[in-house]
Each structure stands twice: as structure tokens, then as C-alpha cells.
Amino acid sequence: MCRLALKSADTPFSPYEVLTAMEAMQEGYDGSGLGLLLRGVKFEDFKLKPNHVILSGIAHTEAALQRMADFMGEYGFELKYQHDFEMRPGVIETWDRDRYKYVVRVYKTPDWKYLSTEQREFNLTETRLALRKNGEDHGGDLTVFSLWPDVVTIKEVGWPLQVGDGLGLDDGRIKARVVMAQGRQNTNYGINLYACHPFFIQGISTMTNGENTAFIPIKEYLEGREIPGYMGYHSDSEVFTHILHYVTKVLKLPLEVYKHVITPLKSEELDVHPQGEFLKGLRTACRRLIIDGPNAVIATLPDETCMLAMDQKKLRPATVGGRPGAWAMASEMCGVDALVPDRDPALDFQPMREHTVIIPPERKELLIWSQFDPFTLPQAA
Amino acid sequence: MVSVRSLYTSPGSLTYHDLPWVIHHREDRCTLCGQCTAVCPVNAIYLTYRRQRVPKLDVLKKKRGNEYRHFVGIRQKTDIAHRCIGCGMCSMVCPNEAIGPEPNQNENRSHFLHNQKGEAYKRGGRRNMPGTTILDRISFDRISMLTDPALDAGRHEFNYNTVLGRVLPPEEFLQKSASGEWVPPTREVFPFIIGSMSFGALSPNMWLGLLQGVAYCNEVLGIPVVMATGEGGCPPWVLRSPFLKYIILQIASGYFGWDEIIRAIPEMQCDPAAIEIKYGQGAKPGDGGLLMWFKVSKLIARLRGVPEGVDLPSPPVHQTLYSIEESVMKMIQTMSMAFGFRVPVYPKISGSTSAKAVLNNLVRNPYAGGLLIDGIDGGTGAAYDVSMQATGHPVASNLRECYLDLVAQGRQNEIPLFAAGGVGKNGNVTQNGLALIMLGASGVHIGKYIMQAAAGCLGNELGRCNVCNTGICPKGITSQNEKLFRRLDPDDVAQRVVDTFMGIRTEMKKVMAPLGRSQSLPIGMSDALGIDDADAAKRLKINYIC
């Protein structure tokens with residue numbers, strides 16, 4: 001069972017803090033992978049502008065790095081900044097893998113000012129996918145994790161602290177307002193960089209502990225949507241990201257509905273729900289997206305909203321706690337302790353099967369939303 | 001001494017050793033009570049006088065001789081019409097265990113003589129091919145243990161129901177529900193459905209028992225079981241009762257019973273569960289329904305609007321049909337409209353290599369509420385033996401192909417596929433059903449199994465009984481003769497229906513729990529299936545295990 005930690009704070013902080021929290025929960029992973037996603041990124045020696053995007057990935061060879069640079073140039077992206085990690089040699093075991101360069105590069109986008117936000121987002125996704133395909137076509141010498149205005153993604157096989165030390169993440173040169181990290185316990189599928197959580201698509205990211213036994217039918221259904229980026233599926237948890245994307249970006253439903261899609265209420269419960277009739281129809285229409293956990297799903301959205309939802313069985317742990325201005329979500333209580341020590345632990349909350357916990361971008365308070373409560377639907381066009 | 005030349009034998013002469021079933025009778029136990037001969041549905045046995053030689057030895061006179069005694073014994077008839085059908089009713093009624101049929105281990109010559117008077121062999125039952133089926137060989141091999149805690153089948157909450165009816169893609173559903181447009185009707189039902197057996201094929205007591213059991217499952221146990229009528233309508237009181245919501249009304253090429261149904265529409269208290277349009281049947285593809293004259297009783301004749309005692313062969317195709325496009329357009333839409341677009345309408349076809357063509361047509365029709373594919377192992381009340389034995393397509397690969405075709409189009413949630421034909425053939429009903437569900441079915445129909453489990457049908461795939469067509473069912477399940485069907489108590493049938501579905505429900509949990517599935521029916525969860533046959537694994541795209 002993997003370990004999860006997320007911190008969201010008004011003041012940007014070092015991702016190393018979250019890795020320390022992972023250390024507190026170290027019984028729960030086996031060094032088969034670490035994924036880190038930073039959102040609301042601040043570089044010490046570079047100021048991001050609204051038309052900047054960050055490309056994260058790994059160039060496994062020099063040729064791949066060169067090809068990547070050429071590719072981005074051809075697509076009209078202009079390199080503005082390159083973040084070089086202060087690598088400490090010998091810390092990350094690299095004897096069996098090629099890691100020519102951990103890429104974190106800031107590009108100025110082509111002139112997209114006449115494009116809608118949607119179109120811009122779509123272009124970014126298309127570019128990321130094209131670059132990923134480019135790597136796959138060349139024997140997998142290029143791994144691309146994300147391409148997004150203020151998101152940095154780091155994934156590596158190894159123990160979390162070891163990876164953090166190896167990349168020198170404690171030097172404070174890179175900070176973020178939201179950091180999510182997952183220490184992986186390899187269960188089913190092979191050790192693969194793309195299999196590390198958090199997964200990313202069009203600004204949306206999720207990470208999960210547990211196993212989703214309904215993986216194959218969900219995967220087959222998502223693949224059939226023919227939406228760019230619904231691919232990969234090296235991990236059974238990648239479907240959670242894509243379902244969240246599908247619900248919020250494609251179906252344009254409120255965030256609360258995500259829970260109704262992945263773990264719908266029973267008919268007898270919907271019979272007395274104020275929106276029961278609609279939700280029954282939605283459950284039928286989205287039947288193939290019902291997950292079969294146990295899972296705790298932690299997600300972040302482009303506006304820095306963070307979300308935690310449990311599966312229906314509620315057999316996986318997850319706790320949320322904090323204070324105005326700094327909140328933490330973690331699979332274990334000790335993780336929350338390590339992330340926000342100066343909080344009132346009595347106010348910590350462990351969501352039950354019907355709950356979705358939301359940390360809004362203002363970070364003033366937690367929203368605890370129950371599936372039995374109504375939500376606001378956009379009016380009919 | 002009789003000369004050899006004068007011994008009589010004709011081309012059709014048989015001895016009891018040539019028959020599929022040989023009656024074993026123990027003279028020493030028989031009390032000549034006559035119950036066996038009275039109960040035998042085909043009059044295969046009779047009491048007769050016999051003469052027995054008793055050797056006599058006079059020791060004092062040093063002479064050997066004979067004496068003869070006469071006795072009354074039971075004998076087996078050897079003409080085709082009265083051959084023993086192996087039903088075993090004689091042993092069921094015998095107070096002394098003195099009699100019973102045994103399968104003839106030798107090849108039986110009677111098979112060559114079934115075409116008496118030029119009539120090809122007709123019978124009831126299903127394909128007589130005993131042995132393990134492909135479905136029996138599938139095992140559920142993806143067990144959650146430590147990676148994911150196994151669930152407690154006894155205490156955990158399971159969602160095992162399925163959806164019957166057309167499902168819109170989520171985008172379209174949202175758009176239509178927001179603007180108040182028509183959203184196709186769906187039903188939440190138990191995935192094991194009592195398949196279509198007509199009121200006519202079944203006796204009134206059997207039908208009533210099934211309906212009572214189904215109502216109990218729904219109203220007391222909360223298992224939303226539905227049952228399908230075959231062709232031939234539905235008793236008028238049921239049409240006007242609140243139980244109609246548990247019934248899938250079938251319309252087939254003879255349109256029997258639909259006068260009554262249409263007349264009842266204004267008086268219906270609720271909508272039926274669904275409408276099934278029968279285009280084909282797994283047991284006899286290319287044939288219409290057949291209700292032989294023996295079973296067209298006064299009641300059946302009234303329901304179907306026909307004279308008593310005539311054969312009722314339905315045409316092989318619907319008379320209005322010119323092509324599948326026309327069928328889809330006319331029938332599905334007409335039936336939808338007749339019930340105010342509130343009832344799912346779906347076609348039933350026989351398993352066939354052309355099933356995908358039908359499916360693709362349905363995908364494009366917004367009114368089509370599903371597709372039922374009936375495989376070669378499906379049962380029937382009456383059909384030509386050759387149709388049952390040799391015509392059709394096994395359901396497993398046919399269903400899988402259709403499902404994967406939907407997956408390739410991304411439409412697998414829109415047209416629910418139902419599978420039938422051989423589910424529970426060897427008694428493994430839940431295992432067979434769940435295997436089909438994980439291959440892609442949304443549910444399965446069970447007919448023969450429910451007759452065997454709920455009413456004690458004696459038929460098997462060694463040719464036992466198989467006389468449903470002639471109305472002489474010794475258990476009263478498929479008979480319209482009151483003397484026979486009064487043997488069947490509807491309350492007992494209802495009890496057995498309930499036992500059966502409770503058992504299936506528990507077994508479903510016992511399979512789903514170790515797979516870590518409880519939130520939804522594992523439709524298409526093919527990663528959990530394995531089979532010990534590499535070719536079948538390849539064809540079904542599941543794991544090969546050995």
C-alpha cells in the first residue's frame with residue numbers, strides 16, 4: 001500500500017518538507033518509486049510569467065535532450081530558464097538506468113493570446129503527448145511528465161529521501177505552494193517511471209493508495225472516449241486522474257460530482273436524495289467509471305484546489321489537518337503531524353465513505369462535503 | 001421348434017437393447033401394484049402374462065422333466081412411439097424400488113428410426129451434448145489477498161445489480177437531462193433473468209409458481225429478479241396486476257398473445273420490465289416458435305386467439321420484415337411508442353457469426369435497449385432435433401466478440417449485452433453466469449436451469465425425457481393437461497425459485513469478494529478470468545492457466 005502526502009500553504013515551501021513527511025510513513029513503501037508534483041512553483045533565480053510553461057521529465061541520453069530541445073523549438077516554444085538540480089552523485093542508484101538529465105525547463109509559449117483558455121490547455125496537452133510519443137519512438141529515451149504553467153513533476157525509482165537528497169531538493173532553490181508526493185509500494189505492475197503517482201493530465205493531478213480492482217473495464221472505457229492523453233495506464237490508479245479530468249473538464253460538472261461518479265450511492269439512498277433522479281441517471285451513464293477500491297484519492301486542480309475522497313469500502317486510511325494558511329493531507333496521521341506540526345490535532349478529520357474534503361485555493365478552511373448533501377448544478381443552457 | 005425362416009423381423013424392429021433406456025425390473029420386489037405403468041408418460045411399460053419353465057427332477061424315478069408356471073410381469077415396449085424416455089417416474093412412484101430405467105451403454109439403434117411416417121424427429125430440451133462446457137472450465141484467478149484486502153462475502157455490502165435498457169453516453173445524458181429531452185428508460189435488475197418460456201410451453205402451475213417466486217424475491221428479499229414470457233402473451237390478470245413490472249413481454253414472429261396485451265395497455269397498473277423482440281433462438285436458429293397441438297388447450301387457445309388442438313408454428317421471420325434496418329426502425333420504435341417510450345425494448349437473436357452486424361445496427365438506433373444473444377446450448381419446448389443439435393453458435397465467443405466490438409467503438413456501456421444458452425447446463429449456474437458477465441455480458445438468461453432447479457425438470461443431455469413438445473411432461477412443468485400439471489404445486493415452485501435466487505446471490509458474493517469487487521457488477525473484468533485451454537484463452541482474450 002503506497003503512502004501519500006500533500007501540503008498546501010500560502011507561503012511557498014520546499015518539497016523536501018513533504019519528503020520528510022514521507023520518511024515518517026516509511027513502513028509503507030518499498031522504494032519502487034517516488035513521485036513529486038509541485039504546483040504554484042517559485043524558482044529562486046527566475047520569475048515565472050503568465051505566458052510561461054514548465055516542462056518536466058527525464059532525458060535519458062544526450063541525443064534525447066537535444067531532440068527535445070529541437071522539438072520544443074519547432075513547436076514555437078522559447079526556452080527561458082533551465083533549472084539544474086544540484087546533483088549529489090552517488091546518492092541515487094543510477095548504475096542500472098540512464099539518467100542523462102532531469103529536465104525542468106521553462107518555456108515561453110508561442111503567441112497564443114487569441115486562443116481560448118481551453119484551446120491553450122489543449123495545445124499544451126497535445127505538445128506533451130507528442131513529446132512523449134517522440135521518446136517512445138526512440139526506445140524510450142525521453143520521459144515527459146508534465147507541461148503546464150506552474151507545475152513541476154519529478155519521478156524516480158528509489159526511496160523518497162534518497163531521491164530528494166540526490167537531487168538536492170533541500171537547497172531551497174525550488175519551492176511551491178502545493179506539493180504532493182507518493183512513495184510507491186509496487187503491487188501489480190512493473191517498475192516504470194510512468195507508473196509512479198501523481199499522474200497528470202491537463203493541469204489535473206491525482207495520487208492514490210490501494211488497488212483498483214475494476215481497473216480493466218474502466219481503462220477500456222476511458223480508452224474508448226478517444227480523448228487525447230487517456231493512455232498509458234501503467235498503474236491501475238492512473239484511471240482516477242482521467243476520471244477526474246473527464247468529470248470536470250469534459251463533462252464540466254462540479255468537483256463534488258466526482259465522488260458520485262466513482263462511488264455512486266445505492267438506489268435506496270438516492271431515492272431520498274434531493275438530486276436522486278439526476279444522480280441515478282448519472283450513475284447509469286457513468287456506470288463504467290465506478291471504481292472498486294479500497295483507495296484514498298488525493299487530487300489537485302489547476303487553481304490549487306486540493307481534494308481528498310475515499311472509496312466506498314473505506315478500507316484505506318487518510319487524514320487531513322492543518323490551520324488557516326497551511327493544510328496537509330496524508331495517508332497516515334504521522335504524515336500530517338510532520339507536515340503541519342503547529343496545528344490543533346483535535347481538529348484533524350478522517351473522511352468516511354461519503355466524504356469529499358476540499359482545500360480551496362484561499363486555504364482559509366476545509367470544506368467537508370458529504371455525498372448525501374445536494375450540490376449546485378449549472379443551469380440548463 | 002420354430003423354423004428360422006418364419007421368424008418375423010421388419011426393418012424397424014427393435015429389441016429393448018436397441019433403445020436408449022432399458023427398464024430394469026426386479027420381479028422379486030414387485031408387488032404388481034401398477035403405479036409404474038400408470039405413471040409412465042409414454043406407456044413404455046405394461047403388465048403382461050409370461051410363462052416360465054421350471055425344471056423338474058424326479059430323483060426316485062431318475063427322470064428329468066419340465067413344469068411351467070405363469071406369472072404377471074412388467075415388460076418394456078420396443079416401438080419408437082413407446083420407447084422408454086428415461087424420465088424415471090416409474091422408480092419415483094415404486095414403493096419397493098423394483099423398477100427403473102438405465103441408460104443403454106451400447107449404441108442405440110432407435111436413433112435411426114425417429115423419422116416415422118416421414119416426420120423428422122422433434123423434441124424438447126437442448127443440445128444433447130453432455131460434458132463440461134467452455135464456461136464450466138473458466139476459473140476466476142485474480143484473487144485479492146494482500147495487495148488489496150479480500151472482502152467478507154457474508155458481511156460486506158455488495159452491488160450486484162445490472163442495467164437493462166439503452167444507456168446514453170455521459171455527455172449526451174447531461175445535455176438531454178438538462179434540456180428536459182427524452183432519456184431512454186432503464187431498469188435496475190438482477191443479472192440472472194428467468195429466460196423466455198411461454199405461457200403455453202409451461203403449464204399454468206409452473207408459470208404461476210415462477211411469478212410468485214419472482215414477486216417474493218422482489219418484494220421481500222429485495223432481489224430484483226425479472227422473468228420473460230416467451231411468445232404467446234401473458235395471462236390477462238397478470239397484465240392488469242402490479243406484478244407486470246417483473247415481466248419482460250416477448251413479441252415473436254407469430255405475434256401470439258399480443259391482442260390481449262394491446263387490449264390491456266389502457267388498464268395496466270404499471271409498465272412491464274421490458275419488451276423482448278424475438279428474432280432468433282439459440283436452440284433453433286432460423287425457426288419460429290413451435291407449440292405443438294398437444295398443448296393447445298382451451299385456455300391457451302383463448303390467450304393466443306386460435307382454435308384448440310392445432311399446431312402453432314410461428315414463421316421463421318417477422319412478416320413485416322424486409323431487412324434489419326426495417327426491423328429496427330419498425331419494431332423497436334413501434335414497441336417503444338406503444339408503451340409511451342417508458343419501457344426498454346431489445347431484440348433477442350440466436351448466436352451467430354452475423355451477431356456483430358446486428359449489434360452494429362442497434363448501436364446506431366437510439367431506441368434499442370440491449371441485445372440478447374442466445375447460444376447453441378439454449379433449450380426449447382419444441383424443435384427439430386437437427387436444429388437443436390447442429391445449428392447455432394456457442395455463446396461464449398460470440399458474446400465476447402460482440403463486447404470487444406463495442407469496446408473498440410467505446411460504446412460498451414450503451415447497449416447492454418445479455419447472454420443465454422447453456423448457462424448452468426451442468427449445474428454451475430453462478431459460475432457460468434459470472435464468467436459470461438466478466439467476458440462482457442450485462443446479465444444472463446436462464447431457462448432450463450430454472451426448470452431443473454425450481455420445478456425438478458428431469459431432462460438432461462443424455463436424451464433423458466426431452467418430451468416437452470408433446471405435453472406429457474411427467475412433472476407437469478410443460479404440460480397443459482390438468483391431470484399432469486396438478487402434480488406441480490405453485491407454492492413449492494415459488495419456494496424453490498426463491499431458494500435458487502438466494503443461492504445465486506450468495507454465490508455471486510463468494511466469487512466477487514475474493515476478486516475484490518463489490519461496488520459494481522464486474523462486467524468485462526476479463527483480467528480475472530483464466531482457462532486451461534490455450535486456444536480458448538486466445539479466442540476469448542483471457543488468461544491461459546494450467
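How do the residues of the lining of the largest cavity divide into nonpolar, polar and charged? The lining holds 14 nonpolar, 19 polar and nine charged residues, where Ala, Val, Leu, Ile, Met, Phe, Trp, Tyr, Cys and Pro count as nonpolar, Asp, Glu, Lys and Arg as charged, and the others, Gly among them, as polar.

Before selecting anything, note that this is a predicted model, in which local features need pLDDT of at least 70 and side-chain atom pairs count only at pLDDT 80 or more, whereas totals for chains, interfaces and linings use all residues. Residues are numbered from 1 along each chain as its sequence is written, chains are lettered from A and ligands numbered from 1 in the order in which they are written, and side-chain values use heavy atoms, with hydrogens and water left out.

**First stop: the cavities**

The structure holds eight cavities of 30 Å³ or more; a cavity is a set of points, on a 1 Å grid over the protein atoms alone, where a 1.4 Å probe fits but cannot get out, and its lining residues have an atom within 4 Å of a point. Grid points are joined across faces, edges and corners, and a volume is the space filled by probe spheres set on the points.

The largest cavity has a volume of about 600 Å³. Select Ser196(B), Met197(B), Gln281(B), Gly379(B) and Thr380(B), which are the closest to its centre of the 42 residues that line it. Then colour β9 (192-197), β13 (290-291), β16 (371-374), β17 (380-384), β19 (443-446) and α14 (448-455) of chain B, the elements that give two or more residues to this lining; helices (H or I, at least four residues) and strands (E, at least two) are DSSP runs, numbered from the N terminus.

Of its 15 lining residues, Arg128(A), Arg132(A), Tyr194(A), Phe200(A) and Glu238(A) lie nearest the centre. The largest share of the lining, three residues, comes from α3(A), and the lining as a whole divides into eight nonpolar, three polar and four charged residues.

**Second stop: helix α1 of chain A**

Select residues 16-24 of chain A, where Tyr16(A), Val18(A), Leu19(A), Ala21(A) and Met22(A) are buried, that is, under 20% relative accessible area with a 1.4 Å probe and protein chains only, against over 50% for exposed and in between for partly exposed. These buried residues pack against β1 (3-13), β2 (34-43), α4 (160-166), β8 (174-183) and α10 (333-339) of chain A.

**Third stop: between the chains**

The contact, meaning heavy atoms within 4.5 Å, takes 37 residues from chain A and 39 residues from chain B. The two chains bury about 3300 Å² between them, 52% of it on carbon and sulfur atoms; buried area is the accessible area (1.4 Å probe) that two parts lose on being put together, summed over both. In chain A, show Thr213(A), Arg287(A) and Arg288(A), which lose the most area to chain B, together 19% of what that side buries.

Four salt bridges are counted between chain A and chain B, each a side-chain nitrogen of Lys or Arg within 4 Å of a carboxyl oxygen of Asp or Glu. A salt bridge joins the side chains of Glu188(B) and Arg283(A), at 3.3 Å from N to O.

**Last stop: the backbone**

In the loop between β8 and β9 of chain A, find Pro198(A), which a cis peptide bond with omega of about -10° joins to His197(A). Glu304(A), a residue other than glycine, has a positive phi near 75° and is buried, with a relative accessible area of 8%. Lys62(B) is not a glycine either, yet its phi is positive at about 55°, and at 76% relative accessibility Lys62(B) counts as exposed.

Technical notes
1 Å grid on protein atoms, 1.4 Å probe; cavity = no way out; pocket = protein on both sides within 12 Å on 5 of 7 lines; lining within 4 Å.
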